[in-house]
Amino acid sequence: MRRSLLVFLVVKLLIITFLIHSVSTLISLLIEDGAADAIHRAELPSPDSSLIEQRPQIIPKIIHQTYVNESIPEVWQEAQQSCKDLHPDYEYILWTNKKSREFIAAEYPWFLDTFDKYKYAIQRADSIRYFVLAHFGGTYIDLDDGCNRRLDPLLSYPAWVRRTIPTGISNDAMGSVPQHPFFLRVVGLLQLYDRGWVLPYITVMYSTGPLFLSVIWKEYIAENPTEAGRVRILMQDEYNRYSWSFFTYHVGSIWHRKDARVIFWLGQHWVLLIICGFVIAGAVGLCLWWAYSRLLLFGSKYRYQYSKVSNLGFPR
Ligand SMILES: *[C@@H]1O[C@H](CO)[C@@H](O)[C@H](O)[C@H]1NC(C)=O
């Protein structure tokens, strides 16, 4: 009896260790604040500063955006136009479905099958942005992000992404030089992460979305990349809070639909989801243990009674 309890505990410990090991990156993401790579506000010239001219600009002057086709819905036209107007000297590329597929077929044929078979259109929209950044470099901007000032100061870094609260990074605005090791790794790992996770939302988040990107990022920075391989972090204030921030958040985006708002909420709270998962797993484990200990107790009572009966009834 003692031994079976020991076996049970050891097995359980192994399972827990395995689970913790498999989500260790997720757990370490919870406490990663990106501070070591943050772009400090003191080093960012103000919008009209003469310092902007003096900084080297290594990211190519290209703005990438994605949409189904060329007919951008009215709600996003203003945001789109604000970026175009502020950057007349930048190349502007809208990656429509057709253009994206042609690009993957021509340049990354090994990915075409995965690209075509993605279950959700958003997975294609997510993945194409990593490919075009790895390939051409430039700045990717979601259609619902408007531009508030020129991007020039951000062109000084080999790559940048933006921090999200409470954890991780987002894929809605990012910049990079061509062939940056981080984005090369990201495109190289897309196929490995192309798995279904029952809930569409989690599947999208973890196969191509911000959670996928955050996990790769966390593993990447743990390897202490060289200066040229660094991924700098744009913090929330510099992202869209103030008049000197780079972007504006445009109301009237898809997040105003009710289902989208739920998804958005979940997106902001995926940490909570993971913690819930652990609590549920813990509760299930406890129930199992309780059931198992009842069984042991029942077994020992039975054996005890049986031995009494056998001693009394059948004297040797
Ligand atoms: C573009 O895509 C939208 C959304 O799927 C669709 O409603 C619209 O008809 C398309 N426009 C063209 C010109 O194909």
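The accessible surface of the protein comes to about 17,600 Å², and carbon and sulfur atoms account for 64% of it. Areas were computed by the Shrake-Rupley method with a 1.4 Å probe, and for residues only the protein chains shown count as cover. The model is predicted: local features need pLDDT of at least 70, side-chain atom pairs count only at pLDDT 80 or more, and totals for chains, interfaces and linings use all residues. Residues are numbered from 1 along each chain as its sequence is written, and side-chain values use heavy atoms, with hydrogens and water left out.

Of the 316 residues of the protein, 44% count as buried. Buried means under 20% relative accessible area, exposed means over 50%, and partly exposed lies in between (1.4 Å probe, protein chains only). The secondary structure comprises 13 helices and 8 strands. These are DSSP runs, numbered from the N terminus: helices are H or I of at least four residues, strands are E of at least two. Contacts were also sorted by sequence separation, a contact being heavy atoms within 4.5 Å. Among those between residues at least 6 apart in sequence, 77% join residues at least 24 apart.

The largest nonpolar core holds 44 residues. Such a core is a set of buried Ala, Val, Leu, Ile, Met, Phe, Trp, Tyr and Cys residues joined through side-chain atoms within 4.5 Å. Y130, F182 and F183 touch the most other members. Helix α10 (residues 210-222) gives the most to this core, with 8 residues. F183 touches Y130, L133, A134, A159, V161, M174, G175 and S176, residues up to four places away in sequence not being counted. A second, separate core has 19 residues, among them I39, C147, Y157 and W160.

Strand β6 (residues 169-176) pairs with β5 and with β3. Two strands pair if DSSP finds at least two bridges between them. Strands β5 and β6 run antiparallel and are joined by 4 bridges. Strand β3 (residues 138-141) also pairs with β6 in the antiparallel sense, over 4 bridges. S176 in β6 is the bridge partner of A159. S176 is likewise the bridge partner of G138. W160 stands opposite G175 in β6. All 8 of the 8 residues of β6 are buried, so this strand is largely enclosed by the rest of the structure.

Strand β5 (residues 159-163) has 5 of its 5 residues buried, so β5 too is largely enclosed by the rest of the structure. Strand β5 also pairs with β7 (residues 232-234), in the parallel sense and over 3 bridges. There, R232 in β7 is the bridge partner of W160. The hairpin of β5 and β6 has 5 residues between the strands. Within that hairpin, G168 takes a positive phi near 75°.

S170 lies in strand β6. Its relative accessibility is 7%, so S170 counts as buried. The side chain of S170 makes a polar contact with the side chain of D172, at 2.9 Å. A polar contact is a pair of N or O atoms within 3.5 Å; within protein, one must be able to donate a hydrogen and the other to accept it, and residues adjacent in sequence count only if both atoms are side-chain atoms. Neighbours within four places in sequence aside, S170 is in contact with V161, R162, T164, P210 and L213.

With 47% relative accessibility, Q179 counts as partly exposed. With 64% relative accessibility, N224 counts as exposed.

The ligand is surrounded by V68, N69 and S71. A residue is taken as near a molecule or strand if one of its heavy atoms lies within 4 Å of it. A polar side-chain atom of N69 lies 2.3 Å from an oxygen atom of the ligand. In S71, an N or O atom of the side chain is 3.2 Å from a nitrogen atom of the ligand. On its own, the ligand has 370 Å² of accessible area, and the protein covers 31% of that area.
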